[in-house]
Amino acid sequence: MKASTDRLAELDAFSSLEAQARAVARKEVSSRELLDLYLDRIARLEPRIQAFSRLFEEEARRAARAADGALAAGRKLGPLHGAVVAVKDIFDVAGHPTTAGSRALRDRHPTRSAAAVRRLERAGAVVVGKTRMVEFAFGGWGTNPLQGTPRNPWDLDCHRVPGGSSSGSAVAVAAGLASAALGTDTGGSIRTPAAWCGIVGLKTSSGLVSRDGVVPLCPTHDSVGPLTRSVRDAALLLDLLAGPDPDDAQGATAPRPATLAAIEGGVGSLRLGILGEDDLGCLDPEQRRLFDDALHQLRALGAETREVRLPLPVARYLEAGGEIMSFESFKHLGRYLEGADDLVHPVIRERIARGRDIPEATYRALLDERRAAQDALRDRLSGVDALIVPGCHQTAIPVAEVDEAAAPNLFGRFVNYLDLASLALPIGLTAEGLPVGLQVAVRRFDDALALRIGRAIEKSGGRLVTQPPAL
């Protein structure tokens with residue numbers, strides 16, 4: 001038992017998912033011991049961190065015992081055998097309510113888990129619980145006044161925003177309360193919390209990962225992706241999550257990537273696009289320094305860089321993307337506005353209700369404008385393999401200073417609008433000790449390339465995801 005205890009101490013709660021799954025498979029630690037490690041941390045930290053909306057402690061213990069039993073019988077469940085994962089409360093988990101962060105959905109009790117959750121469980125993962133989120137995923141700050149706003153673990157003295165809408169998933173990973181987590185991204189909802197919480201987050205290509213069993217917000221922009229503590233972990237999860245699903249029309253013919261196998265390819269000979277000063281001028285000096293350092297690092301690794309102008313100003317992606325989101329959210333969620341006023345927060349109610357006043361013809365024109373911008377981008381990306389973009393234009397601010405009418409992330413929504421995939425990863429801390437992130441944006445279904453570029457940064461810079469000092 002001592003060898004197992006020593007190995008568990010070596011892994012700790014902040015070790016990579018890949019290392020933990022390998023240790024369980026080699027019987028260096030048991031699934032039960034790994035689960036206990038996280039449940040103990042959750043018991044100590046959750047009252048202050050508030051990452052979870054619901055814990056599945058008894059079910060998780062049964063799953064961990066079953067994983068250990070299978071291994072004792074010589075049967076490995078999969079690449080995630082015994083790993084402890086959390087899922088955003090927008091994913092159905094059989095036998096548990098799916099609230100999507102709203103009181104209006106408190107009676108949603110699915111009997112079948114979302115496709116992404118089923119794929120994780122088939123790979124051997126133990127689902128420890130559901131995480132808090134912005135109501136209906138319609139917001140980027142990470143706030144939820146009705147169900148509670150998770151605390152960004154990088155500052156336990158001040159309640160700072162975690163980023164949204166996948167707020168609890170990012171906090172759970174950053175605070176060492178789970179090995180990895182599932183999130184969704186409609187306009188930055190994985191990448192903003194990843195950037196502000198100092199972890200890795202992947203906005204996958206639309207249709208690459210099934211959205212079956214996920215409460216819809218804006219199907220034109222919605223995507224499913226992982227939040228992890230390493231780029232390799234994100235690649236491992238993508239390989240398990242991606243692939244065709246007849247229950248998701250958009251992903252019925254999605255490719256099945258082999259991301260992890262190609263992730264060590266490096267960036268030599270790659271040509272990377274950089275936005276111009278009109279777009280980068282919003283960065284403060286500290287963020288700009290870290291961003292420029294990352295570019296220098298990529299050039300030193302063999303990549304070339306050149307300036308690329310987006311087809312539309314950043315402000316237009318925020319405006320037009322927001323109108324598409326309002327129109328589609330009203331179509332899918334508008335019925336929940338008919339209940340008592342206290343079931344949906346006024347800010348979210350207003351965002352959804354805005355879609356009622358957008359004519360169908362205007363919506364169709366917005367989609368035409370979106371397609372034209374995508375065509376224009378294809379021309380501008382000729383000879384360019386990927387875009388390197390700031391993770392966000394600002395760091396996490398105190399919750400008390402949030403202006404819900406302001407854009408949390410100027411570099412979030414354009415990715416969904418232009419039908420790109422994007423990897424967010426940490427590149428350093430400000431003098432105040434707050435994380436700063438970087439994005440690697442790529443063409444649809446080039447997710448493996450984004451992860452390959454991110455992995456090159458990860459290898460060159462050492463372990464990027466670090467433990468918040470207070471934890």
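**A tour from a helix pair to the cores**

Begin by selecting helix 11, residues 314-333, together with helix 12, residues 346-353: in this predicted model the two helices pack with their axes 7 Å apart and at an angle of about 105°. Because angles of 65 to 115 degrees count as roughly perpendicular, helix 11 is described as roughly perpendicular to helix 12.

Next, show the side chains where the two helices meet, with Ser326, Ser329, Phe330 and Leu333 on helix 11 and Arg351, Ile352 and Ala353 on helix 12.

Tyr317 counts as buried because its relative accessibility is 0%, and, leaving aside residues up to four places away in sequence, Tyr317 touches Leu310, Pro311, Leu312, Gly322, Arg413, Phe414, Tyr417 and Leu418. For a sense of scale, draw a distance from Tyr317 to Asp68: the two are 249 residues apart in sequence, and their C-alpha atoms are 49 Å apart in space.

Now turn to the largest nonpolar core, which has 150 residues, and pick out Leu80, Phe136, Ile388 and Ile453, the residues with the most contacts inside that core. Centre the view on Ile388, whose contacts, not counting residues up to four places away in sequence, include Leu272, Ile274, Leu275, Phe291, Leu295, Leu298, Leu438, Val440 and Ile453, as well as Gly273 and Gln439. Apart from this core lies another, of eight residues, and selecting Val161, Trp196, Ala396 and Val402 will show some of the residues that belong to that core.

Definitions and conventions. Residues are numbered from 1 along each chain as its sequence is written. This is a predicted model: local features need pLDDT of at least 70, side-chain atom pairs count only at pLDDT 80 or more; totals for chains, interfaces and linings use all residues. Side-chain values use heavy atoms; hydrogens and water are left out. A nonpolar core is a set of buried Ala, Val, Leu, Ile, Met, Phe, Trp, Tyr and Cys residues joined through side-chain atoms within 4.5 Å. Buried means under 20% relative accessible area, exposed over 50%, partly exposed in between (1.4 Å probe, protein chains only). Contact means heavy atoms within 4.5 Å. Axes are lines fitted to C-alpha atoms, for helices over the stretch in contact, and angles run from 0 to 180 degrees between N-to-C directions. Helices (H or I, at least four residues) and strands (E, at least two) are DSSP runs, numbered from the N terminus. Angles under 35 degrees count as roughly parallel, over 145 as roughly antiparallel, 65 to 115 as roughly perpendicular and the rest as oblique.
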